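Good morning, colleagues. Today I would like to speak about aromatic rings and the charges that accompany them. Please look at the sequence and the structure as I bring them up.

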Amino acid sequence: QVQLVESGGGLVQAGGSLRLSCAASGNIFSINSMGWYRRAPGKQRELVAAVTSDGRMNYADSVKGRFTISRDNAKNTIYLQMNSLKPEDTAVYYCNVEAYTSPYRLFASYWGQGTQVTVSS
């Protein structure tokens, strides 16, 4: 159906930066939204940032001003630029895509395998 390939996680010191990317491929007819979620140890998964097909962006309050999501529609790819990272940003980050697939235009939500981001103090 839809495959997601994530990259860019790693270990960084507090105050540092990382850039995540997520590329979607497969039987995509159209994409409604693409975004990043994260799950920290012992916590529920939460939205980090998302962007819709018409360019509307949504950020978690905790990352506003530090993280920036961007989208390359031609490549079905999103990026998450994370600056001024804090230890509390440590989590597994998951890419999410909501899309219609060909040939039957079925709508579904797809998840990547996750990429670890660790911020040391």
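Is Tyr37 buried, partly exposed or exposed? Please bear in mind that this is a predicted model. Tyr37 has a relative accessible area of 22%, and is thus partly exposed. The cut-off for buried is under 20%.

Let me turn to the aromatic pairs, of which the count comes to two. One of them joins Tyr37 and Trp111 in an edge-to-face arrangement, with 5.0 Å from centre to centre and 70° between the planes. Tyr37 belongs to strand S4, residues 28–39, while Trp111 belongs to strand S10, residues 106–111, so this pair ties together parts that are 74 residues apart in sequence. Trp111, at 35% relative accessibility, is also partly exposed.

In the pair of Tyr100 and Phe107, the arrangement is tilted: the centres are 4.9 Å apart and the planes form an angle of 55°. Tyr100 is partly exposed, with a relative accessible area of 31%, and Phe107 is partly exposed at 41%.

I come now to charges over rings. Elsewhere, Arg19 places its charged end over the ring of Tyr79, at 4.1 Å from the ring centre.

Thank you for your attention.

Key: Residues numbered from 1 in each chain as written. Predicted model: local features only at pLDDT ≥ 70, side-chain atom pairs only at ≥ 80, totals over all residues. Heavy atoms only, no water. Phe/Tyr/Trp six-rings, centres within 6.5 Å; stacked < 30°, edge-to-face > 60°. Helix = DSSP H or I, 4+ residues; strand = E, 2+ residues; numbered from the N terminus. Buried < 20%, exposed > 50% of the residue type's maximum accessible area, 1.4 Å probe, protein only. Lys NZ or Arg CZ within 6 Å of the ring centre and 35° of its normal.
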